[in-house]
Amino acid sequence: MKDCLFCKIVEKEIPSDFIFEDDRVVAFNDISPQAPTHILIIPKEHFNSLMDIPDDKLDIISHIHNVARKLAQDRKIDGSGFRVVNNCGKEGGQSVGHLHYHLLGGRQLAWPPG
Ligand code: 5GP
Ligand code: ZN
């Protein structure tokens, strides 16, 4: 989608080191990491948010979660634990309008979130 920051990252118009890429998703480090591991996993196809995925494309969510599991193993945080987060909409704290999941780990994470 034109003028979408994460679409530009997918298209490599904005340089970013991909940690993982396949035909459906890319993963890269968050520019402002909140934990020793803070990876963003995003679909290559543009969806504004979790609420904007058509029913027949919802399998992208299970795929993103599977990539999160794989990256957690790669980072060796699968045993210690980690968090997979989707911020959806304004009060959910979503600041980039292209669906993305945060993979956070490598330290004790607090709950509840602010
Ligand atoms: P949200 O707040 O929408 O859930 O998450 C957006 C995330 O994208 C934030 O954690 C923010 O640090 C990250 N971010 C914003 N712009 C960029 C960028 O240009 N490159 C990367 N790698 N991350 C970004
Ligand atoms: Zn986009």
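**Ligand 1 and the zinc site**

Biologist: How far is an oxygen atom of ligand 1 from a polar backbone atom of Ser95?

Modeller: In this predicted model, the oxygen atom of ligand 1 lies 2.6 Å from the polar backbone atom of Ser95, and a polar contact is a pair of N or O atoms within 3.5 Å.

Biologist: And which part of Asp30 does ligand 1 meet?

Modeller: An N or O atom in the side chain of Asp30 is 2.5 Å from an oxygen atom of ligand 1, while a nitrogen atom of ligand 1 is 3.2 Å from a polar backbone atom of Ile31. The protein covers 81% of the 520 Å² of accessible area that ligand 1 has on its own, an area found by the Shrake-Rupley method with a 1.4 Å probe.

Biologist: Switching to the metal, which residues hold the zinc ion (ligand 2)?

Modeller: Cys4 and Cys7 coordinate the zinc ion (ligand 2) through SG, and His46 and His98 through ND1, at 2.0 to 2.3 Å. Donors are N, O and S atoms within 2.8 Å of the metal, or 3.2 Å for Na, K and Ca, and water is not among the atoms.

Biologist: Why is the arrangement around that zinc ion called tetrahedral?

Modeller: Because the four donor atoms subtend angles of 106 to 116°, and four donors count as tetrahedral if all angles lie between 85 and 135 degrees.

Biologist: Are Cys4 and Cys7 buried or exposed?

Modeller: Both Cys4 and Cys7 are buried, meaning under 20% relative accessible area, whereas exposed means over 50% (1.4 Å probe, protein chains only).

Biologist: How are the numbers and atoms handled?

Modeller: Residues are numbered from 1 along each chain as its sequence is written, and chains are lettered from A and ligands numbered from 1 in the order in which they are written. Local features need pLDDT of at least 70, side-chain atom pairs count only at pLDDT 80 or more, and totals for chains, interfaces and linings use all residues, while side-chain values use heavy atoms, leaving out hydrogens and water.

How values were computed. Four donors count as tetrahedral if all angles lie between 85 and 135 degrees; four count as square planar and six as octahedral if opposite donors are over 155 degrees apart and all others between 65 and 115; anything else is irregular. A polar contact is a pair of N or O atoms within 3.5 Å; within protein, one must be able to donate a hydrogen and the other to accept it, and residues adjacent in sequence count only if both atoms are side-chain atoms.
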